[in-house]
Amino acid sequence: MEELQNVVRDGGLAVSNLPEKGRCLLTTKNFHPGEVILRQEPYVCVPNNSSTVSRCDGCFASENLKKCSACQVVWYCGSTCQKSEWKLHRLECSALSRLEKEKRKAVTPSIRLMVRLYLRRELQNEMFIPTGVTDSYNFVESLVSHLKELDEKQLVLYAQMANLVHLILQWPEINLKEIAENFSKFWHLILHNEMQLACNAHTICDCELRPVGTGLYPIVSIINHSCLPNAVLIFEGKSSVVRAVEHIPEGAEVSIAYIDTAGSTMTRQKALKEQYFFTCTCTRCIKVHDDIQENAILEGYRCKDDRCNGFLLRDSEDKGFTCQTCGLLRSKEEVKRIVCEITAISDKKLKSTSPGNHKEVISIYKMIEKLQMELCHPFSISLMRTQEELLKILMELGDWREALAYCRLTITGYQRVYPELHPLLGLQYYTCGKIEWLLGYTEDAIKSLTRAVDILRITHGTNSPFMKELVMKLDEAHAEASYNLSSKDE
């Protein structure tokens with residue numbers, strides 16, 4: 001602990017223990033918005049490869065890849081990445097090559113991450129690679145196991161995964177219980193082997209927050225959650241970077257969001273309890289009065305009167321839901337009917353659409369959107385998610401005018417559910433600006449891109465290739481606007 005304190009002290013930080021929270025990261029100096037609080041490389045990481053998507057093990061690139069000729073599991077974009085990963089992959093390759101071909105298909109990213117965890121420990125023990133204070137297996141041993149919180153089905157899944165890791169490594173000194181405990185430290189298993197991010201593993205995302213891999217970042221795992229965080233975790237390649245999104249005074253706790261904080265308090269608490277095994281007590285979660293109204297707006301129903309923007313609460317006689325603004329009652333039967341229609345369309349029609357039939361999918365989503373607009377409050381999360389899907393498909397089709405309309409709708413929703421300096425809001429402004437510029441709405445594009453820069457320079461910094469490209473687009477838009485203005489004057 002003392003060695004760790006010495007390391008983080010140089011960065012203006014201190015590791016502490018708080019009642020009911022355990023370890024946490026405190027500041028020993030002031031941090032300003034956009035300032036880097038912490039930067040760390042992963043102890044181990046893997047790309048999120050699947051049957052449809054492959055990424056380079058070294059840089060997570062997805063183009064010009066070649067498969068490792070020996071194990072036939074790992075991909076590289078070139079010799080540079082292959083050499084950088086060789087010390088670890090040399091052992092991994094040998095272990096994977098021993099598996100039958102069919103069993104290799106069962107080696108998911110989470111299995112690989114666990115295998116690499118043990119291989120790295122072995123290399124450090126044998127001093128083939130260096131061990132630092134913040135780059136040590138000791139951190140893994142100090143993390144909390146969640147085996148006791150799991151039900152029988154989940155324990156069986158952990159045991160099956162641990163058994164595959166044991167089969168790959170073939171190290172008699174490691175027992176299955178130890179491997180299963182390590183799995184429980186990093187993930188919470190949902191049904192059918194689907195992984196959910198847990199307390200100490202982090203989903204590595206690209207600059208636009210699209211998941212590309214999973215990694216273990218020992219010091220980042222010390223940072224606690226808040227639904228109103230004062231910092232944000234962004235990745236630059238494999239490097240994790242924690243930046244302040246507001247002024248953090250000396251002696252304050254650094255916090256990040258473990259989950260998407262757009263939901264109601266009930267939804268956030270449920271996600272945190274299921275995935276991370278704790279109940280959040282941040283300032284946003286304990287505002288009971290404000291929470292009732294916010295829950296009703298984000299996840300409740302709209303008033304029957306289209307002119308009224310009120311929110312609904314269940315009436316005292318349990319006949320339905322009463323508008324808190326105009327007093328109109330909406331019956332349970334009407335609500336149930338629309339909910340059933342939405343569920344039926346979602347379950348049947350979306351599953352039966354043929355792959356690549358974008359127009360059919362758009363038609364279905366618009367049916368769902370129409371019903372949601374009839375049922376839900378205008379700021380409903382479910383309505384916003386439907387509009388996000390429509391935006392995505394319309395952009396794939398190149399229907400830019402309608403895509404712009406939906407992008408602007410989602411920005412209105414994002415402004416409601418996210419803080420002012422949230423990366424998702426900044427990225428949505430960036431998307432909006434690019435579409436506006438493409439359609440020739442230069443002045444609108446400048447406004448959107450400027451807003452994107454104002455947010456993303458805080459969350460992403462200013463030196464990444466992504467931010468340099470964004471600033472360049474804004475400069476080009478300004479130049480185009482100036483040229484258009486001078487042309488009019490002539």
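Let's start with one contact. Lysine 270 and glutamate 274 join their side chains in a salt bridge, at 2.9 Å from N to O. Both residues sit in helix H8. They are four residues apart, about one turn of the helix. Side chains of opposite charge can pair when their charged atoms come close. Across the whole structure, a search finds 30 salt bridges. Keep in mind that this is a predicted model.

Helix H8 also leads us to the pockets. Its span is 265–276, and it supplies at least two residues to the lining of the largest pocket. That pocket holds about 1,600 Å³ of space. What lines it? There are 48 lining residues. Nearest the centre lie Cys205, Glu208, Leu209, His422 and Leu424.

Now the elements around the largest pocket. On the strand side, we have S8 (195–197), S9 (202–205) and S12 (231–236). On the helix side, H8 is joined by H12 (381–397) and H14 (423–438). Each of these elements gives at least two lining residues. Which helix gives the largest share of the lining? Helix H12 does, with six residues. By class, the lining of the largest pocket divides into 30 nonpolar, nine polar and nine charged residues.

Next, the second largest pocket. Its space is about 820 Å³. The lining has 31 residues. Lys21, Gly22, Arg23, Asn224 and Phe278 lie nearest the centre. Two strands, S2 (22–27) and S11 (224–225), each supply at least two residues of this lining.

Strand S1, residues 13–18, pairs with S2 over six bridges, in the antiparallel sense. Strands of a sheet pair through backbone hydrogen bonds, either parallel or antiparallel. S1 and S2 make a hairpin, with three residues between them. Glutamate 20 is in the turn, and its phi is positive, about 70 degrees. Who faces whom? Leucine 18 has glycine 22 in S2 as its bridge partner. Recall that Gly22 is also among the residues nearest the centre of the second largest pocket. Alanine 14 is partnered with leucine 26 in S2.

S12 pairs with S13, residues 239–244, over six bridges. Within that pair, phenylalanine 235 stands opposite serine 240 in S13.

There is another open sheet of three strands, with the order S15-S16-S17. Its pairing is antiparallel too. Strands S15 (312–314) and S17 (329–331) are the edge strands, each pairing on one side only. From one strand to the next, the twist averages 30 degrees. Three bridges join S15 to S16, which covers residues 320–323. Arginine 314 stands opposite phenylalanine 321 in S16.

How many cavities of 30 Å³ or more does the structure hold? It holds one. The volume of the largest cavity is about 70 Å³. Its lining includes Tyr43, Phe139, Val140, Leu143 and Phe186. Also in the lining are Asn200, Leu216, Tyr217, Pro218 and Ser221. By class, that makes eight nonpolar and two polar residues, with no charged ones.

Last, the annotation. UniProt, in an unreviewed entry, lists residues 56–93 as "domain: MYND-type". In the model, the chain over residues 56–93 is 39% helix and 11% strand. The end C-alpha atoms of that stretch are 15 Å apart.

Technical notes:
Residues are numbered from 1 along each chain as its sequence is written. This is a predicted model: local features need pLDDT of at least 70, side-chain atom pairs count only at pLDDT 80 or more; totals for chains, interfaces and linings use all residues. Side-chain values use heavy atoms; hydrogens and water are left out. On a 1 Å grid over the protein atoms alone, a cavity is a set of points where a 1.4 Å probe fits but cannot get out, and a pocket is an open set with protein on both sides within 12 Å along at least five of seven lines; lining residues have an atom within 4 Å of a point. Grid points are joined across faces, edges and corners, and a volume is the space filled by probe spheres set on the points. Ala, Val, Leu, Ile, Met, Phe, Trp, Tyr, Cys and Pro count as nonpolar, Asp, Glu, Lys and Arg as charged, and the others, Gly among them, as polar. Two strands pair if DSSP finds at least two bridges between them. Axes are lines fitted to C-alpha atoms, for helices over the stretch in contact, and angles run from 0 to 180 degrees between N-to-C directions. UniProt positions are given in the numbering used here, feature names are shortened, and annotations may be inferred rather than shown by experiment. A salt bridge is a side-chain nitrogen of Lys or Arg within 4 Å of a carboxyl oxygen of Asp or Glu.
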